[in-house]
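Student: I would like to learn how to read a structural model feature by feature. Could we go through one together, with the general idea before each case?

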Amino acid sequence: MKIFLDSAELEEVELAASYGILDGVTTNPSLIKKAVSSRQQRGEDVDLQAYLHKLLETAADVPVSLEVIGTRREEIEKEGIFLFGQFNPIADNVTIKVPVNPALSEDGDNHYAGVEAIKALADRGIPVNCTLVFTPEQALLGAKAGASIVSPFAGRLDDYLREQNKQIFDKKDYFPADGLKQGDVLDDNGLVSGIDLVGQCVDILAEFGLAAEVLAASLRNTRQVREAALAGAQIATLPFEVISRLLVHPKTIEGMQGFTRDVVPEYARLFEEKKEKGSRIQGFE
Ligand code: E4P
């Protein structure tokens with residue numbers, strides 16, 4: 001499974017890229033707002049054009065999703081073409097993020113505007129990440145329209161289920177992949193959890209040979225990362241905080257403390273001697 005960073009913070013992109021495990025970056029207007037406000041609070045002026053330029057260069061070898069803001073088909077299409085034309089030449093790594101349905105209310109007349117724009121952008125050869133997916137049928141239509149990535153929002157579906165159950169929860173709380181059992185399993189039209197949503201999207205796209213990759217979005221803890229991988233998601237996008245916890249286990253730390261304590265001088269000297277003879281051994285200069 002590919003690991004993307006879900007952030008517009010330049011320092012986080014730099015760090016995650018330095019770990020050597022970064023396969024991509026996702027942003028959205030809220031993440032950009034967060035990055036801009038944190039800089040403004042530090043008294044910095046933000047030139048967003050220059051900032052995004054740097055971010056794309058930093059993530060040069062991996063795709064970066066930039067999201068449109070319009071709600072009508074023509075706007076979304078124009079914005080997608082603009083974002084791609086303006087920013088893709090920097091490092092050839094821009095994917096345009098388009099909401100599967102940009103309607104702002106249920107009685108809106110634009111429920112298909114996202115899908116139509118996805119088709120128009122994909123027809124021009126622009127890679128599209130179809131976002132705000134909360135049902136497998138939205139994923140199916142986004143993929144059919146030509147999106148190269150579809151993004152089910154696992155954590156937000158869990159939030160929705162918990163809210164319906166009037167649960168008080170912390171955003172980072174683990175939500176069981178097989179659903180919340182309160183007498184009956186709580187579900188959203190047949191979906192018992194965000195990970196269930198991810199799995200159903202994976203199964204349906206695979207069943208019909210659709211090329212889009214499923215990107216498990218809105219993941220809040222490390223256990224959900226594992227579950228997204230087991231559900232077959234090709235990509236998971238993670239906040240930096242979750243990436244930094246992926247390798248942490250108390251027994252690994254305890255093991256390291258023991259191994260470090262047990263190093264006898266004779267063993268340590270081996271490495272010292274190697275360093276002295278270093279010129280003959282590559283990497284030990
Ligand atoms: C990524 O593409 C999504 O925009 C992001 O994962 C949403 O995460 P959130 O629900 O934690 O805001």
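**Reading the model step by step**

Tutor: Of the 285 residues in the protein chain, 44% count as buried, where buried means under 20% relative accessible area, exposed means over 50% and partly exposed lies in between, computed with a 1.4 Å probe on protein chains only. This is a predicted model, in which local features need pLDDT of at least 70 and side-chain atom pairs count only at pLDDT 80 or more, while totals for chains, interfaces and linings use all residues. Residues are numbered from 1 along each chain as its sequence is written, and side-chain values use heavy atoms, with hydrogens and water left out.

Student: How many helices and strands does the protein chain have?

Tutor: Helices (H or I, at least four residues) and strands (E, at least two) are DSSP runs, numbered from the N terminus. By that rule the protein chain has twelve helices and ten strands, and its C-alpha atoms fill a box of roughly 75 × 55 × 45 Å along the principal axes.

Student: What do the paired strands form?

Tutor: Two strands are said to pair if DSSP finds at least two bridges between them. Here eight strands make a closed barrel in the order E1-E2-E3-E4-E5-E6-E9-E10, with parallel pairing, and from one strand to the next the twist averages 30 degrees. On the sheet packs helix H8 (residues 194–207), which touches strand E5 (128–133), strand E6 (149–152) and strand E9 (213–216), and whose direction makes about 175 degrees with that of E9. Such axes are lines fitted to C-alpha atoms, for helices over the stretch in contact, and the angles run from 0 to 180 degrees between N-to-C directions, whereas contact means heavy atoms within 4.5 Å.

Student: Which residues stand opposite Phe4?

Tutor: Phe4 stands opposite Thr237 in E10 and also opposite Gly24 in E2. Strand E1 (residues 2–6) is joined to strand E10 (residues 235–238) by four bridges in the parallel sense, and to strand E2 (residues 24–26), again in parallel, by three bridges; in the latter pairing, Leu5 stands opposite Val25. As a general idea, the side chains of a regular strand alternate between the two faces of the sheet. In this case E1 is mostly covered, with four of its five residues buried.

Student: Which residues of helix H5 are buried, and what do they pack against?

Tutor: An α-helix has 3.6 residues a turn, so residues three or four places apart point the same way. In helix H5 (residues 113–123) the buried residues are Ala113, Gly114, Val115, Ala117, Ile118, Ala120 and Leu121, and they pack against helix H4 (73–91), strand E4 (94–99), E5 and helix H6 (136–145). Just after H5, Gly125 takes a positive phi of about 85 degrees.

Student: Which residues have a positive phi although they are not glycine?

Tutor: Among them is Asp92, with a positive phi of about 55 degrees, placed in the loop between H4 and E4 and counted as exposed because its relative accessibility is 63%. Another is Leu132, with a positive phi of about 60 degrees; Leu132 is found in strand E5 and counts as partly exposed because its relative accessibility is 32%.

Student: What volume does the largest pocket have, and which residues are closest to its centre?

Tutor: On a 1 Å grid over the protein atoms alone, a pocket is an open set of points with protein on both sides within 12 Å along at least five of seven lines, and lining residues have an atom within 4 Å of a point. The largest pocket has a volume of about 700 Å³, and of its 31 lining residues the closest to the centre are Asp6, Leu31, Lys34, Lys171 and Pro239. Helix H2 (29–41) and helix H10 (240–245) each supply at least two residues of that lining. The second largest pocket holds about 420 Å³ of space, and its lining includes Leu132, Phe134, Gln138 and Arg156.

Student: Is Val242 buried or exposed?

Tutor: Val242, found in helix H10, counts as buried because its relative accessibility is 6%. Leaving aside neighbours within four places in sequence, Val242 is in contact with Leu219, Arg220, Asn221, Thr222 and Val225. The C-alpha atoms of Val242 and Thr222, 20 residues apart along the chain, are separated by 6.1 Å.

Key
On a 1 Å grid over the protein atoms alone, a cavity is a set of points where a 1.4 Å probe fits but cannot get out, and a pocket is an open set with protein on both sides within 12 Å along at least five of seven lines; lining residues have an atom within 4 Å of a point. Grid points are joined across faces, edges and corners, and a volume is the space filled by probe spheres set on the points.
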